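Hi everyone, thanks for making time for this. I'd like to walk you through a structure and stop at a few places along the way.

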Amino acid sequence: MCAVYAYARISTKGTHQKLDRQLYELKSRVKGLRDENIFTDEISGLTKSRESLDKLKAKLQKGDILYVESLSRLSRSAKDLLEQLEQFNKLGIEFHSLKEDFTYNSAWGKLILGVMAAIVQFERDLIAERVKEGIDATRAKGTRLGRKPADKEKIRQAIEMYNNPARTSSVANILKTVGISKSTFYRELNKIKDKERIENEV
């Protein structure tokens with residue numbers, strides 16, 4: 001048999017009047033809602049991990065019904081809200097928001113989901129566009145992107161010190177003295193060894 005649950009949230013502690021208002025709306029308008037099935041948090045809606053919400057999600061099973069007073073109580077981020085609603089839908093949870101009169105299958109609910117999806121995609125595109133503009137601006141200034149190339153003179157010096165028959169320093173000390181990374185050193189050393197091997201085979 002399916003169970004009826006409700007979730008309420010306020011952003012900060014000490015504002016019990018707002019929490020009481022949500023609880024009143026839920027208790028007075030949701031039939032079959034038991035007190036033990038009401039979960040509350042006092043934390044920002046931008047915080048992904050919320051203790052009571054996490055406990056509620058762990059209890060929900062296919063066919064259960066979940067109510068909130070408004071969509072903003074579930075999340076303040078369009079991206080996070082859309083992800084949570086899609087997750088509930090995939091799990092077979094019937095979700096209702098009283099304020100927006102929201103359900104998955106209603107025309108209004110489908111419209112809200114469509115608008116949220118468009119907003120999330122717009123935000124993604126905007127971020128990608130800004131990143132591209134930043135890269136283009138950097139390139140226009142002649143600035144090289146990516147890792148700074150290793151100093152060839154330092155690499156040559158390190159390899160000479162490494163190949164010196166009379167050397168007493170460890171590889172770590174050589175690299176520390178010259179000032180190049182271990183990965184750079186061995187990459188360049190292997191290139192030289194591969195080149196020598198090919199020349200010897202010819």
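Let me start with a question: is K191 buried, partly exposed or exposed? K191 is partly exposed, because its relative accessible area is 48%. Before going further, please keep in mind that this is a predicted model.

K191 has a partner, too: its side chain meets that of E188 in a salt bridge, at 3.5 Å from N to O. Both residues sit in helix 8, three residues apart, or about one turn of the helix. E188 also forms a salt bridge with R187, where the closest N and O atoms are 4.0 Å apart. R187 is partly exposed as well, at 41% relative accessibility.

Over in helix 4, which covers residues 78–91, K79 and E83 are four residues apart, again about one turn. They form a salt bridge too, with their closest N and O atoms 2.8 Å apart. K79 counts as partly exposed at 35% relative accessibility, and E83 does so at 32%. Elsewhere, E153, R156 and E160 are linked in a network of salt bridges. Across the whole structure, the search finds 10 salt bridges.

R9, in strand 1 (residues 4–10), is buried yet has no salt bridge. How far away is the nearest side chain of opposite charge? That is D41, at 7.0 Å. What the side chain of R9 does make is a polar contact with the side chain of S11, at 3.5 Å.

Helix 1 (16–29) and helix 3 (71–74) are the elements that give two or more residues to the lining, and helix 1 gives the most, with three. By class, the lining has one nonpolar, six polar and five charged residues.

Two loops to finish. Most residues other than glycine have a negative phi. D101, however, has a positive phi of about 55° although it is not a glycine. D101 lies in the loop between strand 4 (94–97) and helix 5 (107–140), and counts as exposed at 61% relative accessibility.

The other loop joins helix 7 (171–178) to helix 8 (182–201), and G179 is found there. G179 is partly exposed, at 44%. In sequence, G179 and I155 are 24 residues apart, while their C-alpha atoms are 9.0 Å apart in space.

Thanks, and I'm happy to take questions.

Note on methods. Residues numbered from 1 in each chain as written. Predicted model: local features only at pLDDT ≥ 70, side-chain atom pairs only at ≥ 80, totals over all residues. Heavy atoms only, no water. Buried < 20%, exposed > 50% of the residue type's maximum accessible area, 1.4 Å probe, protein only. Lys, Arg positive; Asp, Glu negative; His and termini not counted. Polar contact = N/O pair within 3.5 Å; in protein donor to acceptor, adjacent residues only side chain to side chain. Nonpolar A, V, L, I, M, F, W, Y, C, P; charged D, E, K, R; others polar.
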